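Q: Hi! I'm new to this one, could you walk me through it?

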Amino acid sequence: MAPGISRPLCAQFSKCLQRQLAQGVTHKQGCLQTHLAAFSSSASRRGTVTEPDARLFKPLVVANKLLMGPGPSNAYPRVLAAQSLPLLGHLHKDFFEILDEVKAGIQYAFQTKNEWTFAVSATGMGAMETAAVNLLEIGDVALVGVNGFWGARLADIAERNGSVAKRIIKPMGQVLTLEEIEKGLKEHKPKVLFLTYGESSGGTAQPLAGVGDLCQKYGTLLMVDSVAILGGAPMFMDEWKIDVLYTGPQKVLSIPPSGSPISFSQRARDAIASRKTRVRSFYLDATELANYWGCDEGPRRYHHTVMVSCVYGLREGLAVMAEKGLEKSWAEHAACADLLYDGLDKLGLELLVQDKAIRNPCVTVIKVPEGVDWKKVADHAMENHLLEIAGGFGELAGKVWRVGVMGYNCTPEKVQKTLDVLKEALDLHW
């Protein structure tokens, strides 16, 4: 009920309408008009309605920009079209069928057979928090690889959860070695090890082969962030013995930021089942989410109203990847990354990550030359070409540019356009 409107008046208004409908009144509106007048008079006495912002009367206009930053990338037209399809109820049988298709798509993209595979109604950050709050209890130790922004963020989330974060810190642009990881596992005996597979802040791709074996050796769960790389580089969740893997939709999948895929191994499920305390977030409780997504034997229970149209988009983005094939997608991203590297070298620019073997093919970090204002170059690209090139943050703020080549934007033509715009801007400002 609106503020200042009395319940008796609303009840009287409702009875009048019901009486007119029962009598078949279509033209005689005396009673209705009388009570509308009373309704308006009562509302005006109780308070003053402010005028709406004039901007809301204008049509929504959004520029068509080429998003070549670290994300989001431009969405596939097919995905945007899917998000405009008619709404279904979140408990409808035919919507559950769509959820099942999304689950199958995530299993393919992750290369896993895990039953607990679904999407969280949140961005990649929400998926990160889902992984943390389900696996960690108060006092549990998380060993966190911090070689960029995302490891630091996970450590923060763990500590807010009442857990203990032990950090292995490496500079941005470097990765952790198996020896460093094993040393940390021996020393801290953590419940969880967290690694970022594709660092969008430092431009690295963390090698994962062998890490799962180490974690199982020391009784630790392996949690991996693949937001900025999933679909652009090989991923084998089951083969690499990853216990919790999550990603975001707005990078290689080229879906607007929305529901984020996540998967839990049987080891992770067992750890959640043996918790001494309940998960501290109801909304992010994996047991409840898995049930709603049909991942257990019980009947599906209402948990929350999922983002129906966003699920359509997620389904279509996963379908695009399935139709293309993972190996082809990985190869295309590697080829476009090489094209970008060669073009940057010809421009006289240096990459932050010198070792090509550990570069994230989806996000390339470029050192800003001495005497160049990074922002003038990025602003020139946006103001003159509607093309996004991002700067760095944290310890790299003002020192680097970041160029993303992902999903729908992973084409030689778009890479070449980015290089041409960079050259034009550098000719002016370098």
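**A first look**

A: Happy to. Of the 430 residues in the protein, 52% are buried, where buried means under 20% relative accessible area, exposed over 50% and partly exposed in between (1.4 Å probe, protein chains only). This is a predicted model, so local features need pLDDT of at least 70, side-chain atom pairs count only at pLDDT 80 or more, and totals for chains, interfaces and linings use all residues. Residues are numbered from 1 along each chain as its sequence is written, and side-chain values use heavy atoms, with hydrogens and water left out.

Q: What pLDDT does the protein average?
A: The average is 92, and 90% of the residues score at least 70. pLDDT is the predictor's confidence in each residue, from 0 to 100. Over residues 1-10 the pLDDT is below 50. Beyond near neighbours in sequence, that stretch has ten contacts in the model, a contact being heavy atoms within 4.5 Å.

Q: How many helices and strands are there?
A: There are 14 helices and twelve strands. They are DSSP runs numbered from the N terminus: helices are H or I with at least four residues, strands are E with at least two.

Q: Let's zoom in on helix 7. Which residues are buried there?
A: Helix 7 spans residues 178-188, and Ile181, Gly184 and Leu185 are buried in it. They sit on the same side of the helix because they cover an arc of only 100° around the axis. That arc is taken from the directions from the helix axis to the C-beta atoms.

Q: And what do the buried residues pack against?
A: Their partners are strand 3 (141-146), strand 4 (164-169), strand 5 (192-196) and helix 8 (211-217). The face turned away from the buried side carries Glu179, Lys183 and Glu187, which are exposed. Just after helix 7, Lys189 takes a positive phi of about 45°.

Q: You mentioned strand 5. Is it buried or exposed?
A: Strand 5 is mostly covered, with five of its five residues buried.

Q: Which strands does strand 5 pair with?
A: Strand 3 is joined to strand 5 by three bridges, and the two run parallel. Leu143 stands opposite Leu193 in that pairing. Strand 5 also runs parallel to strand 6 (residues 221-225), with five bridges between them, and Phe194 has Met223 in strand 6 as its bridge partner. Two strands pair if DSSP finds at least two bridges between them.

Q: Where's an antiparallel sheet, then?
A: Look at the open sheet of three strands in the order 9-12-11, which has antiparallel pairing. Strand 9 (363-367) and strand 11 (390-391) stand at the edges with a single partner strand each, so one side of each is left without a neighbour in the sheet. Strand 9 and strand 12 (residues 400-404) are joined by five bridges, and Val365 stands opposite Arg402 in strand 12.

Q: Changing topic: how many residues has the largest nonpolar core?
A: It has 91 residues, and those with the most contacts inside it are Phe95, Phe118, Leu193, Met235, Ile242 and Phe264. A nonpolar core is a set of buried Ala, Val, Leu, Ile, Met, Phe, Trp, Tyr and Cys residues joined through side-chain atoms within 4.5 Å. Helix 4 gives the largest share, eight residues.

Q: Why does this core lie between domain 1 and domain 2?
A: Because domain 1 (77-324) and domain 2 (326-428) both give residues to it. The domain bounds come from an automatic or database domain assignment. There is also a second, separate core of 27 residues, which includes Leu347, Trp401, Cys410 and Val415.

Q: Gln111 and Ser254 next: what is the phi of each?
A: Gln111 has a positive phi of about 55° although it is not a glycine, and at 31% relative accessibility Gln111 counts as partly exposed. Ser254, also not a glycine, has a positive phi near 55°. Ser254 is buried, with a relative accessible area of 0%, and lies in the loop between strand 7 (244-246) and strand 8 (260-264).
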